[in-house]
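Subject: Structure for your review

Dear colleague,

Please find the structure below, followed by an account of what was found in it.

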Amino acid sequence: MSFLRQNLILLGGVAVGLIGAVLVKFGNPANMGICFVCFYRDMAGSLGLHLNPLVQYLRPEIIGIFLGSFLAAQVFKDFSPRGGSGPAVRFLLGILIMVGGLTFLGCPIRAIYRLAGGDLSALGGLLGIPFGAYLGMVFLTRGYNLGPTRPLPTWLAWLPVVFFTVLLLLLFVKLGWYTDYPFFSVKGPGSQHAPVIISLALGMAAGVLFQRIRLCLSGGFRDVFLFNDFHLLKGFLGILIGAFVGNLLLGQFKPALVGPVAHGNFVGNFLGMGLLGFAAILLGGCPMRQLIMTWEANLDSFMAILGMFIGAGIMHRLGLAASPAGIPLGGWVALALGYGVAFTIAWGFSQARAAVREGA
Amino acid sequence: MSDIIIDCRGLSCPLPVMRVKEELERDQGPFTLVVDAAICVENISRFLNYKGVPFKVTAKGGQTLIEVTL
């Protein structure tokens, strides 16, 4: 029993890995069973925040993960409305997450799916995450803090719920009446997807798992650097194992230097994921974790999510996002600017430190 | 309850655990943490277990007290 409790996070990770492999089998783009960066980008496109016809789809997995983790948070009473800890800064950090993520073409979870599918170019990104986490940690130990959150009135907690319910309704409108809006890609990665009901169901399952096992990759590296604690990283080992075994069984393991929907620029992959990891530590959690905390009614995390939607819009509207063809010149400029803004935020909020200790 | 109280309410991950680490390094005897998020209670418990430091967890209303007894 003790082994089971200690390794619940590992088993949960294996389950998430398998879910990813199955979603690809049912039609999701290769090594993109679940990818928070890619899916926010597709959703931003579907809403019309960018007009790249290849990456527009209202990914039901994200809505399913909402429903799953929202229900889990309700049942397990992790639901308490809070916010007010630098929401504008968190919005900005959300944009930076997408600048980094769309340079690499994926979030930390997809980086693992890519490796598990045989895509060796994922290694550049996977090495970039500890690099970014280390940068964030340097500022955390120097007192970086966006300030405490405060409890908020209960009705505000329903704001994210309303937002994602509207997305779900839009999805049903599109499926029921074949409307032009929301936009769905007819070719490219946006057009590749599992049947809606499977995406929703498996997304819900993943949402419950994410919420319960507290998975967090950037947090995993942070704990290793700060406390030499490998607990959270075990979950990611689990995803790697689950996705690898799933891909082998389903005939989806294809070793290649550069896999599908990816590019092989090592420096770009490394620095892209580095920026994502850096911004994630400054936010207190990776893109997936921000979503889970949103369901727990953390309005600050909701701001970060909105920042990611807008960030995806900016990157594709201005043609800055990478593609299998590589990273455009503007993408490098965006990456450099992103690091500049991240360092400024990190430095600026390390200057003042609130007193929290009372007594002798 | 001990004299030293550390208020970790509303602090985002991983600041609460870092406060605990700093307080242990200061080595000034028992202290009490006030925490308001389930994930922080888990992270702090895991950290204290790892360090082999004895502690007691009590839920009180919407918040949790973690008393480090040393």
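Two strands are said to pair if DSSP finds at least two bridges between them. Helices (H or I, at least four residues) and strands (E, at least two) are DSSP runs, numbered from the N terminus. This is a predicted model, in which local features need pLDDT of at least 70 and side-chain atom pairs count only at pLDDT 80 or more, while totals for chains, interfaces and linings use all residues. Residues are numbered from 1 along each chain as its sequence is written, and chains are lettered from A and ligands numbered from 1 in the order in which they are written.

I begin with the strands of chain B. B:Leu33 stands opposite B:Ile66 in β4(B). Strand β2 (residues 31-35) of chain B runs antiparallel to β4(B), and 5 bridges join them. Strand β3 (residues 55-60) of chain B also pairs with β4 (residues 63-68) of chain B in the antiparallel sense, over 6 bridges. Here B:Ala59 stands opposite B:Thr64, and B:Lys60 has B:Gln63 as its bridge partner. The hairpin of β3(B) and β4(B) has 2 residues between the strands, and B:Gly61 takes a positive phi near 65 degrees in it.

A residue is buried if 20 or more other C-beta atoms lie within 10 Å of its own, exposed if 12 or fewer, and partly exposed in between, with C-beta atoms placed from the backbone.

In chain A, helix α11 (residues 231-249) has 19 residues and reaches 28 Å from its first C-alpha to its last, close to the 27 Å expected at 1.5 Å a residue; the expected span is 1.5 Å times one less than the number of residues. Among its buried residues are A:His231, A:Phe236 and A:Asn247. Just after α11(A), A:Gly251 takes a positive phi of about 70 degrees.

A:Ile292 is found in helix α13 (residues 287-295) of chain A. A:Ile292 counts as buried because it has 28 C-beta neighbours inside 10 Å. A:Ile292 and A:His231 are 61 residues apart in sequence and 19 Å apart in space, C-alpha to C-alpha.

Yours sincerely
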